[in-house]
Amino acid sequence: MMAELNSSGNIITVQNISPSPGGFYQDFTEIIYKGSDVTFDRILTTLTVIDFSNNRLVGNIPESIGMLVSLRVLNLSHNALTGNLPAELGGMTALESLDLSCNQLSGEIPQELTDLTFLDVLNLSDNHLVGKIPQSHQFCTFDSNSFEGNAGLCGPPVSKLPCGASPYTPGVAEVVDKPFHHVDVVLFLFAGLGFGVGFAAAILVRWNRVGRWFVATARASRT
Amino acid sequence: MLISSNNLIGSVDLAHFRILSYLTVLDLSYNELHVMSSDNNDPADTSYLAGLNVLGLVSCNITQFPRFLRHVNRISHLDLSCNKISGDIPNWTWEMTWSVRGSYLNLSHNMFTGMQLNSDVVPINTRMEVLDLSFNRLSGTIPMPSSGTVLEYFNNMFSSLLPNWTSYLCQTTYFSISKNSINGHVSPSICNDAIMLDVLDLSYNYFSGLIPPCFMDLSILNLRENHFEGTLPSSIRTGCGLQTIDLHGNKIEGKLPRGLSNCLSLEVLDLGGNRIADTFPSWLRGLPKLSVMVLRSNQLYGTIGDIVGDTKFEECFPSLQIIDLASNNFSGNLRPQWFKR
């Protein structure tokens, strides 16, 4: 906006001549968002982030964290947190990115986490989680990278076996077992071969002795 | 004639406007026009619209600096931003008769490579309200007008400043040279020279040395990604007006100055990627507007947010929306009270 005199001496006001001069400063921020470094040229009030990763925090994840219903990004990875994943995490319904990897969290993954229908990035890897990985909503979209390093987790996507399935039950398990049969056959083959060779060698040795005895007897009978 | 921000399409030759000899204001910005100004290198041919003093041709697909401007009697507002003009800014741009009441020159978002200046001082003797040269390919020493209020040199390839550059900032409120390749120290003389300064953006350069104490008197301080060292100035006055402090990616060490709690307008505090060794600044909890606090990648230690005394948790950090404390040495528990209303 600016005012200028026109040729007849009247003041005319020029509006909209340019939106804003370079003189308007725009705040921006750079954060780790969904695993990569992202610069936001505008900081909208809807962008909400808690990143406490890579410290030495201990203890449980408080249940009250579920009250953060507007939080978009939660990163508590690379700490020493223990205890179960609170079911209340399912209350953070705006959450787009949840990273709890590299802690000492235990117990099962609560079914309530499937209520996080905006969740795009999930990382629960390298903890002590056990049991069945929930299989609905957004959880169908996460691959094994989200869960690896938890020896006690079962079911897709970490293993093709359904939870509780023993490798010796028929059906799906039998297909998985085939390589073991193959190894057994080879083992038996070698065992049989070894037995055969040993038997043949024994016979040969004996045959030699029998031969020598036969020759000696024949010579004796001639004389 | 103000016809900006429409959906006008087609080509416009400004030479066709020559019969409008009394035209003083022309704005064709933000249409879908291809604007040109035909001339045959004949001075008689280029002297039209001589009465013009406000010209806005933003985003008009211009490829050549309009030569008729050379013969304009008195210009106060020239906006050629967001076009495709390459080569030098012609030297007569600086010799035009600029308005004594303050002028506006915006040549940003083009492909200018030079300025045809004899010295590194912009020879416009009247006050520049705005000089915006951002988003070009200008190199060498940053040219300074003798008196400018808003000076924007963002995103060029400038490599140095005049030795006495701070002495040109006595009328300046906004100074940005972000994203260039400038090294050296900031002389403490800036505290005596730049008395009007409100916004300072030196981010993404190679500045080193100490942070002058008067930087804490600004509204916006952006020194992001430089090599500034030493501690943060502790002289933060009671009426501190800082809204943004971005010192991310420098070599700042020592403790956080407790005077930051005086900065009641503070909205963005980014001190990430430095060498600050201190405890969690729970003493900032009363700042009513603080919405972004990034302290990642420092040497902070102790527990997070232990509130002593009778302060209620719900009164702490009332506007905080981004808190990034990653990669420090914080210990202790996550407190259930942090997350409760």
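Trainee: Where does B:Met1 lie?
Mentor: B:Met1 is in the segment before β1 (9-13) of chain B. Helices (H or I, at least four residues) and strands (E, at least two) are DSSP runs, numbered from the N terminus. This is a predicted model: local features need pLDDT of at least 70, side-chain atom pairs count only at pLDDT 80 or more, and totals for chains, interfaces and linings use all residues. Residues are numbered from 1 along each chain as its sequence is written, chains are lettered from A and ligands numbered from 1 in the order in which they are written, and side-chain values use heavy atoms, leaving out hydrogens and water.

Trainee: Why does B:Met1 count as partly exposed?
Mentor: Because its relative accessibility is 38%. Buried means under 20% relative accessible area, exposed over 50%, and partly exposed in between (1.4 Å probe, protein chains only).

Trainee: Which residues form a nonpolar patch with B:Met1?
Mentor: B:Ile19 and B:Leu20, and the three have about 300 Å² of accessible area together. Patch residues have over 30% relative accessible area and no salt bridge; like charges are joined within 9 Å, nonpolar side chains (Val, Leu, Ile, Met, Phe, Trp, Tyr) within 5 Å. Areas come from the Shrake-Rupley method with a 1.4 Å probe; for residues, only the protein chains shown count as cover.

Trainee: New topic. How many residues does each chain bring to the contact?
Mentor: Chain B brings 55 and chain A brings 48. Contact means heavy atoms within 4.5 Å.

Trainee: And which residues of chain B lose the most area to chain A?
Mentor: B:Gln321, B:Leu334 and B:Phe339, together 18% of what that side buries. Between them the two chains bury about 4,200 Å², 57% of it on carbon and sulfur atoms. Buried area is the accessible area (1.4 Å probe) that two parts lose on being put together, summed over both.

Trainee: How many salt bridges cross the interface?
Mentor: The rule finds 2 (a side-chain nitrogen of Lys or Arg within 4 Å of a carboxyl oxygen of Asp or Glu). A:Asp51 and B:Arg296 also meet in a salt bridge, at 3.4 Å, N to O.

Trainee: What about the open sheet, what is its strand order?
Mentor: Its 7 strands run β13(A)-β12(A)-β10(A)-β8(A)-β6(A)-β28(B)-β26(B), with parallel pairing. Strands pair if DSSP finds at least two bridges between them. At the edges are β13 (152-154) of chain A and β26 (301-302) of chain B; each pairs on one side only.

Trainee: How many bridges join β10 and β12 of chain A?
Mentor: There are 3, in the parallel sense. A:Gly107 has A:Leu129 in β12(A) as its bridge partner.
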